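I opened my notebook to look up two contacts. My entries follow the order in which I checked them.

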2 protein chains.
Amino acid sequence: MTKPLAKSAISQKRVLDAAARIFRDYGYAGATMRVIAEEAGLKAGSLYYHYKSKDELISAVLDLGMNAAIEAMQTALAALPAEATGRQRLEVAFRTHVATIIANGDYSLATSRVYGQVPEAIRIQHQKLRDPYGLMWREILTTAQKRGEFRADANLTLARLLILGALNWTAEWFKPGSRSIDDVASGFAAIVMDGLAVPGGGSSG
Amino acid sequence: MTKPLAKSAISQKRVLDAAARIFRDYGYAGATMRVIAEEAGLKAGSLYYHYKSKDELISAVLDLGMNAAIEAMQTALAALPAEATGRQRLEVAFRTHVATIIANGDYSLATSRVYGQVPEAIRIQHQKLRDPYGLMWREILTTAQKRGEFRADANLTLARLLILGALNWTAEWFKPGSRSIDDVASGFAAIVMDGLAVPGGGSSG
DNA sequence: GTCTATAGCACGATAGAC
DNA sequence: GTCTATCGTGCTATAGAC
């Protein structure tokens with residue numbers, strides 16, 4: 001659903017990309033308008049033509065990453081056949097989440113690093129975007145459990161927190177080249193679905 | 001192994017605790033010496049009696065959290081009987097890691113949030129402490145696999161990254177009161193060991 | 001749409017009194 | 001061991017030329 005940018009929006013996107021990289025590396029307070037401008041090939045005063053304050057700029061960075069994740073996940077899940085199993089849906093969700101995080105790596109890392117440090121009003125506003133994303137994950141897990149594909153006694157809230165913690169951290173360590181995104185996603189899915197232990201190899205309580 | 005502090009070290013610890021909270025909330029650059037001093041009940045100039053620069057202060061915050069984790073893990077693993085299974089060792093490691101993270105919550109959150117933003121020299125120095133901690137986890141996993149307790153085809157590097165990502169994120173969402181630390185640790189361990197899926201319920205490739 | 005220049009303020013760190 | 005006072009620097013944001 002990415003549509004071509006109007007000419008007037010191109011330099012705005014260049015400013016946003018630069019801001020994501022600088023916020024990622026220096027944090028919210030440490031990222032200065034001068035350095036962001038330099039990264040975008042501009043002078044500091046010129047930034048204020050595109051964004052009227054530093055807070056508006058960080059808000060835009062936070063929202064872009066989250067919106068990309070929501071959109072990619074909706075598209076990927078909608079493309080699945082109706083008869084897809086819970087395992088298949090979870091695998092697609094893993095793959096889509098990791099792929100989005102890596103594709104928007106500057107934004108993902110900027111978000112996870114500065115989220116706890118931005119002014120509270122900005123964080124509250126951004127949280128409204130996050131909540132529906134968490135609900136999509138919750139829905140995948142509960143549906144699979146209701147269908148009898150997942151253990152009836154599995155704690156799905158803990159499962160969701162484990163999954164999102166593990167997946168979001170990939171932004172910090174994944175380096176393209178050695179392992180592919182699909183390898184990571186399916187390796188993670190295998191562990192979360194089937195576990196590390198040899199089946200039937202001991203007591204599980 | 002926590003020994004009583006010398007009188008002269010008490011105010012130093014008070015400064016360090018204050019710094020952890022302020023770095024956690026405002027990031028590396030956003031945490032000012034004036035605000036840290038106020039949190040510690042001092043004036044800005046007085047901080048420099050205890051730490052000779054802001055960089056020395058953030059280094060101390062980073063190192064304290066990591067050293068606490070290493071020490072707690074060594075103690076917990078050493079207390080296990082020699083015949084402990086891989087499952088038991090992994091459960092103890094989960095519980096110890098989460099407990100340490102929550103007990104030192106200010107330091108844990110400060111570390112995970114500012115780590116990517118401190119000057120490179122500080123990060124490189126601190127990384128030397130982190131590496132042996134990762135090795136302890138690697139050892140637990142590979143031993144269990146060699147003994148035949150874990151699947152022979154499990155990717156243990158991915159397993160370690162999944163586990164540490166999930167466990168470290170607990171610092172962001174865990175709130176004492178509703179769920180206990182042990183519930184979280186054993187719930188996570190159950191998923192990682194046995195998986196979410198009903199055993200024998202479908203193809204796993 | 002980008003520039004230069006600068007107002008007004010806060011920063012890290014130091015000096016020296018007590 | 002903590003204070004006050006201050007130096008030199010760098011910050012966000014604005015004004016107005018081009």
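How many residues does the contact take from chain B and from chain A? I found 44 residues from chain B and 44 residues from chain A, where contact means heavy atoms within 4.5 Å.

I noted that this is a predicted model, in which local features need pLDDT of at least 70 and side-chain atom pairs count only at pLDDT 80 or more, while totals for chains, interfaces and linings use all residues. Residues are numbered from 1 along each chain as its sequence is written, chains are lettered from A and ligands numbered from 1 in the order in which they are written, and side-chain values use heavy atoms, leaving out hydrogens and water.

**Chain B with chain A**

I looked up the buried area (accessible area, 1.4 Å probe, that two parts lose on being put together, summed over both). It is about 4000 Å², and carbon and sulfur atoms give 65% of that. Next I checked salt bridges (a side-chain nitrogen of Lys or Arg within 4 Å of a carboxyl oxygen of Asp or Glu). The count between the two chains is 0.

**DNA strand C**

I then asked which residues are near the strand (a heavy atom within 4 Å of it). I found that 15 residues surround DNA strand C, and A:Lys43, A:Ser46, A:Tyr49, A:His50 and B:Met33 are the closest.

One lies 2.6 Å from a backbone N or O atom of A:Lys43. A side-chain N or O atom of A:Tyr49 is 2.3 Å from a phosphate oxygen. For the side chain of A:His50, I wrote down 2.8 Å.

Technical notes. A polar contact is a pair of N or O atoms within 3.5 Å; within protein, one must be able to donate a hydrogen and the other to accept it, and residues adjacent in sequence count only if both atoms are side-chain atoms.
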